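Have the sequence and the 3D view open as you read.

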Amino acid sequence: MAAGNLKIQVLDSADAVAAAASEFVIKAIAAKPKFVLGLATGSTPEKTYAKMAEANKAKKVSFAKVTTFNLDEYWGLDGDHDQSYRYFMNDRLFNHIDIRPWNTNVLNGAAVNPMLECAAYEQKILACGGVDLWLLGIGANGHIAFNEPGSPVDSRTRLVSLTQSTIDANSDGRFFKVAADVPRCALSAGIGTIRESRQIILLATGAGKADAIKAAVDGPFSPDCPASLLQDHPDCTFFIDKEAAAKLS
Ligand code: F6R
């Protein structure tokens, strides 16, 4: 299925989404071992990361020459905090694959100067030749990374405020236990930063993402749904399960 430039793959289950997404990443790395891979956190990619780690263990892929950049990090949490995205990535992926730790980049949520941290991150992405493939999730309100509705199409890595719906979603017990513990701000790659990736894959599973997927695919190209701002990307594929696809026309 294609909507505008978007390629949409509807799969039977969350497991099938993870299998398809990890295969996609593995093939891309096989074609270019010195790969620059953009990554997301959250529940959705966890199974994909487990499959990538399995494939690495089975020697079907090597991350030895891969450099990664993560989308975002909570402002005020350092990488040792068990809810930081640096911790998440080490725990779910990096500690289980042959990637060189110094080739993994996550924004520093404890940086003294967030503006400098964000500018340096953009510079580092450029110095690495740009991102080859960015793997994204999507928020129930259509956000990508922490680009909440209203984020400009040309936004760059910066300090952002989280909406109440994102704070609530991230304190439903999967991550933080209570909303009061969720940082109110984050450092996030911008929509412009993400759109410059040569390829993008977006993963969505479950009925809770159906409205966001509908708005991203069938809705207008608009900052009201940040994921809709991927519609004109030259090489963007959505891997979604039937439940997330349920409201598509
Ligand atoms: C996190 C990120 C977020 C998540 C989104 C969905 O790095 O980029 O945009 O992808 O909040 O999160 P889950 O997968 O937990 O539903």
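Let's begin with the aromatic residues: Tyr-74, Tyr-85, Phe-146 and Phe-176 form one aromatic cluster. Rings of Phe, Tyr and Trp (its six-membered ring) pair here if their centres lie within 6.5 Å, with planes under 30 degrees apart called stacked, over 60 edge-to-face and the rest tilted. This rule gives seven aromatic pairs. For Tyr-74 and Phe-176, the ring centres are 5.4 Å apart and the planes meet at 80°, so this pair is edge-to-face. It brings together distant parts of the chain, 102 residues apart: Tyr-74 sits in strand S5 (residues 72–74), and Phe-176 in the loop between helix H5 (164–169) and strand S9 (185–188).

A word on the source: this is a predicted model, in which local features need pLDDT of at least 70 and side-chain atom pairs count only at pLDDT 80 or more, while totals for chains, interfaces and linings use all residues. Residues are numbered from 1 along each chain as its sequence is written, and side-chain values use heavy atoms, leaving out hydrogens and water. Helices (H or I, at least four residues) and strands (E, at least two) are DSSP runs, numbered from the N terminus.

Which residues are buried and which are exposed? Buried means under 20% relative accessible area, exposed over 50%, and partly exposed in between (1.4 Å probe, protein chains only). Tyr-74 is buried because its relative accessibility is 1%, and Phe-176 is buried because its value is 6%. Met-115, at 70%, therefore counts as exposed; this residue lies in helix H4 (residues 114–127).

Next comes strand S7 (residues 133–136), where Leu-133 and Leu-135 point one way, Trp-134 and Leu-136 point the other, and all are buried. Strands pair if DSSP finds at least two bridges between them. S7 runs parallel to strand S3 (residues 36–39), joined by two bridges, and Leu-37 stands opposite Leu-133. S7 also pairs in the parallel sense with strand S10 (residues 199–204) over four bridges, where Trp-134 has Ile-200 as its bridge partner.

Finally, the ligand. Of the 15 residues around the ligand (a heavy atom within 4 Å), Thr-44, Asp-72, His-143, Ala-145 and Lys-209 come nearest. The table lists polar contacts, meaning pairs of N or O atoms within 3.5 Å; within protein, one must be able to donate a hydrogen and the other to accept it, and residues adjacent in sequence count only if both atoms are side-chain atoms.

| Residue | Protein atom | Distance to a ligand oxygen atom |
|---|---|---|
| Thr-41 | polar side-chain atom | 2.8 Å |
| Asp-72 | side-chain N or O atom | 2.7 Å |
| Ala-145 | polar backbone atom | 2.8 Å |
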